[in-house]
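Please read each point with the sequence and the structure side by side.

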Amino acid sequence: MTGAWNWLTDPANWSGTSGVWARLLEHLWYTMLSLAIALVIALPLGAVIGHTGRFTGLVSGVANALRALPSLGLLILLALWGLHTLKGNIALLGPAIAVLVILAVPPILSNTYAGIANVDPAARDAARGMGMTGGQVLRKVELPVALPLIMSGVRSAFLQVVATATIAAVVALGGFGRYVIDGLAQQNYSMMVAGAFLVALLAVIGDRILAVIGHYIVSPGLTGRAARRRTASATTADMVVLKGEAEAQT
């Protein structure tokens, strides 16, 4: 651990094309690209299945099947295919992103479906009674109510992708996994431990950022912020009244 601390505090390890800042941008690029693609796939699919109630068995089947795939073995298999089929940087980047997308889809898909399927039927009936169409009910009622569970799925997917993106270094890509793989190959265990620490730190910081974003995009009525504001307002009003009465008595 002392060696890892010395490695992290050495300015030479933070600059250049193989420095920490460059590796951070690479790791974030792999993570955010994979997460965005997974959202485009899983969010609409989970929303439609939860709204219509059809193909519900597909959610658990797909989620369990994708979770069962070995990430490292799949990456090597797709990388070998990419090298013989694709050209340029996409030959290795494409397989790595595909593996991360496969890893990110299950939690987003499952949580989106569960969040929408568990919306109170009375809320749906009230929305339809107001003249909303099925699509409007989904967009204006079900998705906002399901948003806390959806954000939980996004956070889970983010953590899994950040951790697994380290294996991109196995197929000569960048990111913090480069320090882990190169450190092991060179028996530079200080670099290896430092790389693992950076991955863990990125996961924790990213999760906290997503938690803050979720706190503010979710309706205050679902998070309890509205109730706390009303309680605080009522308490302030009571204090003002009591203060006025005390001044009147004096």
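1. T164 is buried, since its relative accessible area is 15%; buried means under 20% relative accessible area, exposed over 50%, and partly exposed in between, using a 1.4 Å probe and protein chains only. This residue belongs to helix α7, residues 134–164. Helices here are DSSP runs of H or I with at least four residues, numbered from the N terminus.

2. The model is predicted: local features need pLDDT of at least 70, side-chain atom pairs count only at pLDDT 80 or more, and totals for chains, interfaces and linings use all residues. Residues are numbered from 1 along each chain as its sequence is written, and side-chain values use heavy atoms, with hydrogens and water left out.

3. The surroundings of T164 deserve attention. Its side chain reaches the backbone oxygen of Q160 at 2.7 Å. Residues up to four places away in sequence not being counted, T164 touches S71, L100 and L103; contact means heavy atoms within 4.5 Å.

4. A63 is part of helix α3, which covers residues 56–68. With a relative accessibility of 2%, A63 counts as buried. Setting aside residues up to four places away in sequence, A63 touches P106 and S110.

5. V199 lies in helix α9, residues 189–217, and counts as buried at 8% relative accessibility. Apart from neighbours within four places in sequence, V199 is in contact with H27, V162, A163, T166 and F176. For F176, the C-alpha to C-alpha distance from V199 is 6.4 Å, and the two residues are 23 apart in sequence.

6. How many aromatic pairs does the count give? The count comes to 3, where rings of Phe, Tyr and Trp (its six-membered ring) pair if their centres lie within 6.5 Å, with planes under 30 degrees apart counted as stacked, over 60 as edge-to-face and the rest as tilted. The rings of W7 and Y179 have centres 4.9 Å apart and planes at 70 degrees, so this pair is edge-to-face. The pair links distant parts of the chain, with W7 in helix α1 (residues 2–8) and Y179 in helix α8 (residues 177–186), 172 residues apart.

7. Both partners may also be described by accessibility. W7 is buried, with a relative accessible area of 10%, and Y179 is buried at 4%. Ring pairs join W7, Y179 and F176 into a cluster; F176 is also among the contacts of V199.

Notes: Helix = DSSP H or I, 4+ residues; strand = E, 2+ residues; numbered from the N terminus. Polar contact = N/O pair within 3.5 Å; in protein donor to acceptor, adjacent residues only side chain to side chain.
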